[in-house]
Amino acid sequence: MIGTFWSLVPAIVAIALALLTKEVYSSLFIGIVMGGVFYAISTAAGFAGFLTHVFSDGLIAQLSDSYNAGILVFMVILGTMVALMNKAGGSLAFGNWAKKHIKTKIGAQLATVLLGVLIFIDDYFNCLTVGSVMKPVTDKYGVSKEKLAFLIDATAAPVCIIAPISSWAAAVSGFVTEGENGLALFCKAIPYNFYALGTLFMLVAMILMNVDYGAMAKFEQAAAMLEKAAEEKEEHRAEPAPKGKVIDLVLPIVVLIIFCTLGMIYSGGFFDEGETYHHFIDAFANSDASVGLVIGSFAALILTLILYVCRNVLNFTDCMACVPDGFKAMVPAILILTLAWTLKGMTDSLGAKDYVAGIVAGSAGSLKNFLPAIVFVIACFLAFATGTSWGTFGILIPICIAVFPEAGDPLRIICISACMAGAVAGDHCSPISDTTIMASAGAQCDHVNHVSTQLPYVLSVAAITFVLYIVAGICKNFVLPWILGIVAIAGMLVVIKKLQKKAA
């Protein structure tokens, strides 16, 4: 079963069960157990080997991994900061302020997208920060938790993959191993990333046109009805003024962004003595997101505590009570993330990388002009099944470089971009993706609801992107595919809106 299609079966079964049963914990655990069984059978390890592989080499190994542990600590600190801002009244004050300045539901959604685009440093940081800032605003205007989770998710990885100064750019650059400037290659691939740019275009278009379809439309209708009922209650109830002010939310978030950026470049050696890379971009390319985010968020947490205590918004005892509250709020996301990491470890041990690499290598040759589209589909499937974009980059980018060794070959850039676009698309809709899990946590949305509501949107853009890569592979430029893509996305939304009007 190692190195064959069976290596992907545990992840596919886990995802299918999660979508069918709406219960993600048991679905992921069944996938992990299945992976352990396959490994034990393939290696003749027996029952003892099965237990060792699932628990020692799987669950415990993932939790003890320093990078993973850092991400979990970062999540707990962010959860604590959100609990502090809520208890201090900063979130409520910001929501009241935003309602005076953001007049419409469309404005609330566009503000969420804008904030998501501005926080391009790291997808984990994006998901949790945008959610904590914008939830009071979107709640005020009846935007469902599911829609907020989608807006967060769609401006996390798709933005990071087209931002030259981000942890994702650093990761992609690291997979270019032939002495070539990885960051320059990343920048050349940006115009060909039809999925990421198409997703952002569709986000803005569907908000302005007020179009929702699939399961999302039902959640949006329900949220609008709840918002109307809440408004009627507010008319008959005088709400006490919050003790906290807008600054009690805005200042901690600004400090968080600044310190997390400093933490990232610090982990990349920006402030080290005697290092060869003192430039900001070089330090970012060598950064450790896990370490940088923990350092930055912890510094922001300390300053937030000092701010609240000094302003007498909260006393020290109340502040400390928010620590376990923040941890509790993140427990579901931490549990799902831990199980998802373990499931990924199962697929890795079964040789999923080798199996996919063989498929891509076998597709080269007479299908060269169609290879970008083929790479896009394979990257989508691999990222969806394993829940990791970065792992998909590591497998497919070196293969694309080997298939197209000439640096000036336009198909080389298009294929690498197709790999990145496909990895983001698959990661975007995968229930076991880190980013998808954190987007659910940031919006305080049920994870399975988030996955099922955003799936139609992801598949719509992915289908159009597949066609665009066929066109790009033939014409070898990005202008014509972009014209076709904009027309296709806009046309699709217009047709859906007309059909909805007829149905109403």
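What follows is a short chat about the predicted model shown above.

Me: What should I know about the model and its numbering before we start?
Reply: The model is predicted, with local features needing pLDDT of at least 70 and side-chain atom pairs pLDDT 80 or more, while totals for chains, interfaces and linings use all residues. Residues are numbered from 1 along each chain as its sequence is written, and side-chain values use heavy atoms, leaving out hydrogens and water.

Me: How many helices and strands are in the chain?
Reply: The chain has 24 helices and zero strands. Both are DSSP runs numbered from the N terminus: helices are H or I with at least four residues, strands are E with at least two.

Me: What share of the chain is buried?
Reply: Buried residues are 54% of the 504. Buried means under 20% relative accessible area, exposed over 50%, partly exposed in between (1.4 Å probe, protein chains only).

Me: Which residues touch the most other members of the largest nonpolar core?
Reply: M75, I161 and M202 do, in a core of 154 residues. A nonpolar core is a set of buried Ala, Val, Leu, Ile, Met, Phe, Trp, Tyr and Cys residues joined through side-chain atoms within 4.5 Å.

Me: What does M202 contact, leaving aside neighbours within four places in sequence?
Reply: F150, Y213, Y457, V461, I489, M492 and L493. Contact means heavy atoms within 4.5 Å.

Me: New topic. Is I71 buried or exposed?
Reply: I71 is buried, because its relative accessibility is 0%. I71 sits in helix α4 (residues 66–88).

Me: Which residues does I71 contact beyond four places in sequence?
Reply: Y124, S290, L337, W341 and M438.

Me: Now helices. How do the axes of α20 and α21 cross?
Reply: The axes of α20 (residues 389–403) and α21 (residues 410–429) come within 9 Å and cross at roughly 160°. Axes are lines fitted to C-alpha atoms, for helices over the stretch in contact, and angles run from 0 to 180 degrees between N-to-C directions. The two helices are therefore roughly antiparallel. That label is for angles over 145 degrees; under 35 is roughly parallel, 65 to 115 roughly perpendicular, the rest oblique.

Me: And α22 with α23?
Reply: The axes of α22 (residues 434–443) and α23 (residues 447–475) come within 9 Å and cross at roughly 115°. So α22 and α23 are roughly perpendicular.

Me: Which residues of α22 and α23 make the contact?
Reply: T436, I437, A439 and S440 of α22 meet H447, H450, V451 and Q454 of α23.
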